[in-house]
Amino acid sequence: MTIKKGYRICKKCTKNRALRFFTPKGYTCATCRKGSGRKLARSTHLQQTYNISLAEYESILNFQAGKCAICFGVRNGSYDVDHDHKLERQLIAEGRENLEARRMSVRGLLCRRCNRRLLPSCLDTPAILEQAIEYLNHPPAEEVLNVIQG
């Protein structure tokens, strides 16, 4: 294979890339370096925040078939690690270490919408979600308006 002047083959992805993608003495292109940096950052975040490894995160995601555990949506990016704050506080009160308590309170992986909007708005209370289901299935205004029209 002939390499044009001003190009180099990346050792990781084996693509023939322009020299501007490489550091002066580097043999891995910027795209590959950035990808491995993101993975390392994600791994560090999971370990320091939830005391789970990237492999455990990926196992949970595989168990959930690569989807959000609530809406079953498939996302391009990563999923949020959902954990039970009440259980975490209870475990800490019982004398567990913070990271151990957080690890034990992990419930699953959720998309941002479910983890940052749906669950906080229902206060993590199943009864509120059940009431919402009942409301959606039998809206009260529909009943009242049918009586008025009929």
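Predicted model: local features only at pLDDT ≥ 70, side-chain atom pairs only at ≥ 80, totals over all residues.
Thr14 is exposed, with a relative accessible area of 56%; exposed here means over 50%, buried under 20%, and partly exposed anything in between (1.4 Å probe, protein chains only). This residue is found in the loop between β1 (7–9) and β2 (16–18), and its phi is near 60°, a positive value in a residue other than glycine. Most residues other than glycine have a negative phi.

Residues are numbered from 1 along each chain as its sequence is written, and side-chain values use heavy atoms, with hydrogens and water left out.

Stepping back to the whole chain, the protein has seven helices and four strands, where helices (H or I, at least four residues) and strands (E, at least two) are DSSP runs numbered from the N terminus. Along the sequence they come in the order β-β-α-α-β-α-α-β-α-α-α. The radius of gyration is 24 Å, well over the 15 Å that the globule rule gives for 150 residues, so the protein is more spread out than a compact globule. That radius is taken over C-alpha atoms, and the rule is 2.2 Å times the number of residues to the power 0.38. The C-alpha atoms fill a box of roughly 80 × 55 × 25 Å along the principal axes. Of the 150 residues, 23% count as buried.

Some of that burial sits in helix α2 (residues 54–63), where Leu54, Tyr57 and Leu61 are buried. They cover an arc of only 60° around the axis, which puts them on the same side of α2; the arc is that of the directions from the helix axis to the C-beta atoms. Asn62 and Phe63, on the other side of α2, are exposed. Cover for the buried residues of α2 includes α1 (30–50), β3 (80–83) and β4 (106–110). After α2 comes Ala65, with a positive phi near 60°.

As for contacts (heavy atoms within 4.5 Å), among those between residues at least 6 apart in sequence, 41% join residues at least 24 apart.
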